[in-house]
Amino acid sequence: MNAIKLTWEDKAVNAAAVLISLVLLVVAAYPLYYVLINSLNDGADAASGHIYFYPRKFSLENYSMVFKQSYLITGLGMSVARTIVGTAAAVLVTAMAAYALTKEKLRFKKLYLAMAIITMYFSGGLIPLYFVLNELHLLNNFLVYVLPSLFTFFHCLLFMAFFRELPKELYESAYIDGANDLYIFFKIVIPLSMPVVATISLFVGVNHWNDYFVPSFFISRESLQTLPVILIRLLSLSEAQQQIQQYLGNHQSKVTMESLRYATLFVSILPITLLYPLVQRFFVKGMLVGSIKA
Amino acid sequence: MHPRKIKTSRGWDNQLILQLMLLPALLTLLIFSYLPMFGIVIAFKDYNVLDGLFGGAWVGFDHFREMFGDERFHSALRNTLAMSSIKLVVTFLAPVLFALILNELPLARFKKWTQTLTTLPHFLSYVIIATLTMIFLDPKGIVNGLLQSLGLTNGPIEFLAEPGHFWTLGASLDLWQETGWGAIIYLAAITGINTEIYEAAKVDGAGRLRTIWHINLPAIRSAIMVLLILNIGSLIYGGSNFNQSYLLGNVFNRDTSYVLGYYTLDNGLLQMRYAFATAVDLFQSCISLVLLLAANWTAKKINGSNIF
C-alpha cells in the first residue's frame with residue numbers, strides 16, 4: 001500500500017472534498033429522508049414534532065390510509081396510466097422520427113429539421129394552444145396527457161446522435177438481405193440502442209409523472225386528475241384539513257392530515273428514487289454523446 | 001427481371017416507409033406547435049367567443065398598450081427579470097465547483113453515492129419541492145428551529161410570508177435542485193481528460209490544487225461558456241420561475257413572487273381575457289427569441305460555432 005505516498009496537500013484536498021460532499025449529501029438527501037421517517041411514524045405522535053433521525057412510534061397506518069382514499073387511488077392510477085402510455089408513445093414516435101432523420105435518402109429532410117428547430121425558438125403560447133385543444137375536444141380528455149408531448153426535438157437530437165454512432169455495416173448487410181427500414185429499426189437499431197432508449201424514457205417519464213400543469217388547467221373532471229394535483233390540494237394545510245375531514249368523517253384515527261400528506265409525498269417520490277439509480281449509468285453515457293454533438 | 005427496375009421500386013417503397021416513420025412526429029409538430037402560432041392573431045383582435053378565432057375586430061396594438069399601462073404587468077416583469085438574473089449569477093458557478101470537488105473524492109463508491117443522491121432533486125416534481133419548502137421553512141419548522149438553537153436568529157423567520165425573502169428563496173431552491181444535475185456535464189468533460197496530461201503534470205511537480213487550476217478548469221471552460229450563454233437565452237422564461245410563483249406565491253409575498261408566466265395564466269385561463277393574455281405571451285416570446293438569438297450570436301463570436 002505504500003506505492004503512492006500521499007503528500008500533505010493530497011490529504012488536505014481529500015479531506016476538504018469529503019467534508020464538502022458530506023454536507024451537500026445531507027442537504028440534498030435529508031428532506032427526502034425526513035419525509036420517509038415522518039410517513040412511517042404514528043400521526044398523533046408525530047404532531048408533537050421533533051422526529052429527526054428515525055420514526056419514534058413506528059406505524060404503517062398512514063400508508064394503509066393512503067390506499068383507502070378513493071381520490072388518492074384514482075390519482076395514483078391516472079398518474080401511472082399517463083406515465084406509461086405517454087412515455088411509450090413519445091419514445092416510439094421520437095425514436096422513429098430520429099431514425100428517419102438520420103437517413104441521407106430521406107426526402108425533405110432539411111425542411112423537417114428546420115420546422116423542428118423553429119419550435120425551439122418560438123411557440124404560439126398558452127392561450128392559442130388552449131384553443132387548439134378545445135377545438136380538438138382534447139380538454140377533459142385523457143389524450144391531452146399523451147398527444148401534445150409525443151415529440152420533443154431535444155430528445156430527437158439525442159436519439160439521432162446515438163443512431164449515428166451505430167456501425168454502418170449493420171444497415172448495409174440488412175439492406176442486401178432485402179430488409180426495409182421499418183424492420184431494421186425495430187429488429188436491429190432499437191435492440192442496440194437501449195442506453196439511449198432508457199435515458200429518454202426516464203426524461204419523458206419523469207415529465208409525465210411530475211406534471212401538474214396539464215391536469216390543473218386542461219382537465220376539470222375529477223376522475224382524470226393525477227397525483228400532483230392532489231398533492232397541491234394537500235399543500236395548503238387549511239384546505240387539506242377540510243379535505244381530510246370530509247374523507248375521514250367522524251372515524252377515530254391516529255392518522256392526521258399531516259401524516260397522510262407525508263405518506264402521499266413519499267408514494268410520489270418513490271418510483272423515481274427506485275428507477276433513477278438503475279438508469280443513471282446509461283444516461284451519463286448518453287448525455288456524453290449528446291453533449292459532444294451539441 | 002430487370003435489376004434496375006427492382007431497385008427503384010424498392011427505393012420508393014423505402015422512401016414511403018421513412019416518410020411514414022416521420023409522420024406522427026410531423027403531425028404532432030403541425031397540430032400542437034404550428035397550429036397555435038396562427039392563433040397569435042387574436043393578440044391584435046377584440047376576441048369574443050361568438051365570433052371565434054378569426055372573427056372579431058382588429059384592434060392593432062391596443063392590448064399591448066393596456067399591458068404596458070398595467071401596474072401588475074410592471075411588477076411581474078420586474079420580478080421575472082430580477083429572479084432570473086439572481087438565479088443566473090448564483091447557480092451557474094455552483095455546478096462547476098461541485099464537479100471539481102466530486103472529481104477529487106478519493107473513494108469511488110462514495111463518489112457514486114454522492115453523485116446519485118445530489119442529482120435526485122432534479123427529478124422531483126415542483127409540487128413536492130414546494131411542499132418540502134413549506135414543511136422545512138415553516139415558522140415552527142426544522143430550519144427555523146436550527147437557526148434559533150444555534151442562536152443565529154431571535155424569533156422565527158417568515159421565509160414565505162416576508163416579500164423580502166422570496167428572490168433569495170427562489171435562487172436557493174434552484175441551487176438545491178440543480179447543482180448535482182448541472183455537475184454531470186462538467187464531470188463528464190473532466191473524466192474525458194487524457195491521463196497522460198496528469199502524469200506529465202506530476203512529473204513537473206504540480207500538486208493537486210495546481211492540477212485542478214491548470215488542467216481541470218481549462219478543460220471545462222468551453223462547456224461553462226456554452227451553458228452560461230444558453231442560460232442567458234432563457235432568462236425571461238427562467239425555468240423554475242413559474243413553478244415557484246404559482247406554488248409558493250401567496251398574498252403576503254405577492255409583491256416579489258408574481259412573475260410573467262403567472263400573469264399570463266391569471267389573465268388568460270382564470271379571467272378568460274384570452275386576447276390580452278395572448279398579447280402578453282407574444283411579448284414574452286419575442287423577448288426570449290431576441291435573447292436566444294443574441295446569445296447564439298455571442299457564442300458564435302466566442303467559440304466559432306453555433307450552439308444549435
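1. In this predicted model, the charged end of B:Arg273 is placed over the ring of B:Phe276, 4.3 Å from its centre. A charge counts as over a ring if NZ of Lys or CZ of Arg is within 6 Å of the ring centre and within 35 degrees of the ring normal. A second case is B:Lys45, which lies over the face of B:Trp58 at 4.6 Å from the ring centre.

2. Basis of the values: local features need pLDDT of at least 70, side-chain atom pairs count only at pLDDT 80 or more, and totals for chains, interfaces and linings use all residues. Side-chain values use heavy atoms, with hydrogens and water left out, residues are numbered from 1 along each chain as its sequence is written, and chains are lettered from A in the order in which they are written.

3. Over all chains, the search of the whole structure gives 35 aromatic pairs (rings of Phe, Tyr and Trp, the last by its six-membered ring, with centres within 6.5 Å; planes under 30 degrees apart are stacked, over 60 edge-to-face, the rest tilted). One of them is the stacked pair of A:Tyr130 and B:Tyr274, at 6.1 Å centre to centre and 25° between the planes. This pair joins two chains, because A:Tyr130 lies in helix H6 (residues 126–135) of chain A and B:Tyr274 in helix H15 (residues 274–303) of chain B (helices are DSSP runs of H or I, at least four residues, numbered from the N terminus). Both A:Tyr130 and B:Tyr274 are buried (under 20% relative accessible area, 1.4 Å probe, protein chains only).

4. Within chain B, B:Phe242 and B:Tyr262 form an edge-to-face pair, 6.3 Å centre to centre with 80° between the planes. B:Phe242 belongs to helix H12 (residues 241–248) and B:Tyr262 to helix H14 (residues 260–270), so the pair ties together parts 20 residues apart in sequence. B:Phe242 is buried at 16% relative accessibility, and B:Tyr262 is buried at 15%.

5. At the interface, 91 residues of chain A are in contact with 84 residues of chain B (heavy atoms within 4.5 Å). The two chains bury about 7900 Å² between them, 79% of it on carbon and sulfur atoms; this is the accessible area (1.4 Å probe) lost on being put together, summed over both parts.

6. One salt bridge is found across the interface of chain A and chain B (a side-chain nitrogen of Lys or Arg within 4 Å of a carboxyl oxygen of Asp or Glu). A:Asp10 forms a salt bridge with B:Arg208, with the closest N and O atoms 3.2 Å apart. Helix H1 (residues 8–39) of chain A supplies the largest share of the side of chain A that touches chain B, 19 residues.

Terms used: Buried < 20%, exposed > 50% of the residue type's maximum accessible area, 1.4 Å probe, protein only.
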